Amino acid sequence: MQQDKVKIKLSGVSETLMFPLWGRAQVSKEDSSLFYDAKAIELIEKIDFDFLASDMPFVGIMLDIIRKGKLQPMFILVALMAKQFDDEIKAYITEHPHASVVNLGAGLDATFYRVDNGIIQWYDLDLPAVIDFRRQLLPEPDRVTYIAKSLLDPSWCKDINTEDGVFITAEAVLQFFEESEMKQFFSMLADNFPSGEIVFTSMSRSDIFREWFDMFPPEQRDSMRAAWTEALKDWWEKSPQDQKDAAIISLKTPTKPKGTKWSDLEAWGEKLSDEEKEEAMRDLVTAFSHIPSGRVGMWALKDVNEITTWDSRITVIDQHPLCKYIPRDSLSADVRRLMEHFDVCGALNIFHLRV
Ligand SMILES: C[S@@+](CC[C@H](N)C(=O)[O-])C[C@H]1O[C@@H](n2cnc3c(N)ncnc32)[C@H](O)[C@@H]1O
């Protein structure tokens, strides 16, 4: 019941944790053969989160669309990403059954429960406010330690047992940082975990969230455009006038709406070409979202060999597009198409390094 739910109020980048959690829960409910995460379903049922009160409107819009169940491709993407991480972790702990696994920027991720071999030491690290919520919703089980620190704070390295190998994961996290911060971060790992390994995701372009539609196959873009329009309408109607004025000023289209009511935007939008409409929607979402100050999508990496030039102790184990190793024979044609598209467009990659 609603009154039993834990009220979640996060700020800034930490709000983004709701997004993968929601996706994993949704796929687990709808297509458990693709991916199954019982804890994600349990967590979502415990949470009371006010999507429309988000102070990061871009994230809020995405979360709202996801909550309403209209971005199936996005859920699948999140689940596929989690599946890849599970496989990478399982491969490492098969070789090093007593290893320490460190989940950086853990949010409300429950990977431990999916991969545990009964012996590993597990660490979930996130910012203190997030760890507080995590503890409330999912108290630490045996062999799991929560660390309430920034991943940029070198002191967390001393909290890790390094006796039997260290495997670090950072799923949908490192894109929120500056390149200079990442340079220090990777050297910090090499200083503290010689021959430890890290697997992380990275976007190939720092503007990928702005170019949202490019990430999906053309045949899925119409339904996504419709979902975005509907969510944007909700946001538009609840936003203060000065934000609407600023959003209209930011439009790069040759014409502008005649007023700031949603109906003015609709009337104006009807006269635009599809391309102009898409461009206008990006401008509006971007203006609403304050994406630069919200630190979404800042660090991008196309080729992981770049990191080896930052620190010669670091070597590359693997780099591949998101879905490359996921067997797809048993999956539906839609999901296969999405995976193929992702691998070809290369928007999101998984990198595996030894430090
Ligand atoms: C998109 S969420 C991903 C969460 C989780 N990895 C998942 O897949 O469900 C990004 C996470 O990074 C965390 N984060 C952001 N900055 C951080 C920092 N400096 N140190 C540790 N975690 C951070 C956020 O609080 C958030 O939980």
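This is a predicted model: local features need pLDDT of at least 70, side-chain atom pairs count only at pLDDT 80 or more; totals for chains, interfaces and linings use all residues.
Strand 4 is the partner of strand 5. Their pairing is parallel and runs over five bridges. Strand 4 covers residues 121-126. This strand also returns below, in the ligand shell.

## The ligand shell

How many residues surround the ligand? The shell counts 22. The closest are S14, L17, G105, G107 and D109.

Helix 1 (18-30) and strand 4 each supply at least two residues of the shell. Helix 1 gives the largest share, with three residues. By class, 14 residues of the shell are nonpolar, five are polar and three are charged.

## Helix 1 against helix 4

Helix 1 also packs against helix 4, which spans residues 72-95. Two packed helices are described by the angle between their axes and the distance between the axes. Here the angle is about 95° and the axes are 8 Å apart. Angles of 65 to 115 degrees count as roughly perpendicular, so helix 1 and helix 4 are roughly perpendicular to each other.

Which residues meet in this contact? Helix 1 brings P20, G23, R24, Q26 and V27. Helix 4 brings M74, F75, I76, V78, A79 and A82. By class, the contact has eight nonpolar, two polar and one charged residues.

## Domains

The chain is divided into two domains, domain 1 and domain 2. Domain 1 is made of 86-206 and 296-354. Domain 2 is 221-289. How far apart are the centres of domain 1 and domain 2? Taken over C-alpha atoms, 36 Å separate them.

Methods:
Residues are numbered from 1 along each chain as its sequence is written. A residue is near a molecule or strand if its C-beta atom, placed from the backbone, lies within 6 Å of it. Helices (H or I, at least four residues) and strands (E, at least two) are DSSP runs, numbered from the N terminus. Ala, Val, Leu, Ile, Met, Phe, Trp, Tyr, Cys and Pro count as nonpolar, Asp, Glu, Lys and Arg as charged, and the others, Gly among them, as polar. Axes are lines fitted to C-alpha atoms, for helices over the stretch in contact, and angles run from 0 to 180 degrees between N-to-C directions. Angles under 35 degrees count as roughly parallel, over 145 as roughly antiparallel, 65 to 115 as roughly perpendicular and the rest as oblique. Two residues are in contact if their C-beta atoms, placed from the backbone, lie within 7 Å. Two strands pair if DSSP finds at least two bridges between them. Domain bounds come from an automatic or database domain assignment.
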